[in-house]
Amino acid sequence: MRIVIAGGHGQIALRLERLLAARGDEAVGIIRNPQQADDLREAGAEPVVLDLESASVEETAEVLRGADAVVFAAGAGPDSGSARKDTVDRGAAVLFADAAERAGVRRYVVVSSMGADAGHPGDEVFDIYLRAKGAADDYVRSRPSLDWTILRPGMLTNDAGTGQILLAASTGRGPVPRDDVAASLLELLDTPASAGLTLELISGNVPLTVAVKDIAGN
């Protein structure tokens, strides 16, 4: 498979790229900073420099043409202000969805956030972030030509992955290693029946492959 990942230098994205490369798939990571290109190459991915805050739909679609699936794993980051929550966490996800449609790529997997809700109250930066992610998720879910899956992990950790998760429409709060998020994304990409699902993910006691098959009704 050829998988194009927005936010290709993110911690989850780099892990996913390594997993894809290790099994012989073609991983393409979109990055804004060309200085990050070598990190992607070391992960086995092809870097593409494109700023999703300023790129057009057509420019982005050019990168996506020929892909089997796309993964939106971009984010403005914890140190960014409220303006970039809108331009990246919402705006770039919307652009990426439009570009996927333009490029004829149906499979669209989103790394969202637990608690994402376009109607989330509050004026703190994190409140704005949750509204931005929620609005982006709503937009993706509204696109009839996308086979979307939205994954909302709990508190991310750098602990070693266990391969044991809880995956459900609602899991409650909890931590999850980034290793297991990346592995879950890979499994979701391999499971077309997971399309149309919005899922929460935390550490649990069900083997990852079983959890994905169960939730997809396989």
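# Helices around a mixed sheet

Trainee: What follows helix H3?

Mentor: Gly66 does, and its phi is positive, near 90°. A helix here is a DSSP run of H or I with at least four residues, a strand a run of E with at least two, both numbered from the N terminus. This is a predicted model, where local features need pLDDT of at least 70, side-chain atom pairs count only at pLDDT 80 or more, and totals for chains, interfaces and linings use all residues. Residues are numbered from 1 along each chain as its sequence is written, and side-chain values use heavy atoms, leaving out hydrogens and water.

Trainee: What puts the buried residues of H3 on the same side?

Mentor: Thr60, Ala61, Val63 and Leu64 are the buried ones in H3 (residues 57–64). Buried means under 20% relative accessible area, exposed over 50%, partly exposed in between, with a 1.4 Å probe and protein chains only. The four cover an arc of only 155° around the axis, so they sit on the same side of H3; the arc is taken from the directions from the helix axis to the C-beta atoms. The buried residues of H3 pack against S1, S2, S3, S4 and H4.

Trainee: Why is Glu187 called buried?

Mentor: Its relative accessible area is 14%, which is under the 20% limit, so Glu187 counts as buried. Glu187 lies in helix H6 and touches Leu208, Thr209, Val212 and Lys213, not counting residues up to four places away in sequence. Contact means heavy atoms within 4.5 Å.

Trainee: What makes H4 roughly parallel to helix H5?

Mentor: The axes of H4 and H5 (residues 125–141) come within 8 Å and cross at roughly 10°. Axes are lines fitted to C-alpha atoms, for helices over the stretch in contact, and angles run from 0 to 180 degrees between N-to-C directions. Angles under 35 degrees count as roughly parallel, over 145 as roughly antiparallel, 65 to 115 as roughly perpendicular and the rest as oblique. Therefore H4 is roughly parallel to H5.

Trainee: Which strands are the edge strands of the sheet?

Mentor: The open sheet has nine strands in the order S3-S2-S1-S4-S5-S6-S10-S8-S11, with mixed pairing. Strand S3 (46–49) and strand S11 (206–207) are the edges, each pairing on one side only. Two strands pair if DSSP finds at least two bridges between them.

Trainee: How do you know that S1 and S4 pair?

Mentor: Four bridges join strand S1 (residues 2–6) to strand S4 (residues 69–72), and since at least two are needed, they pair. The two run parallel, with Val4 opposite Val70 in S4.
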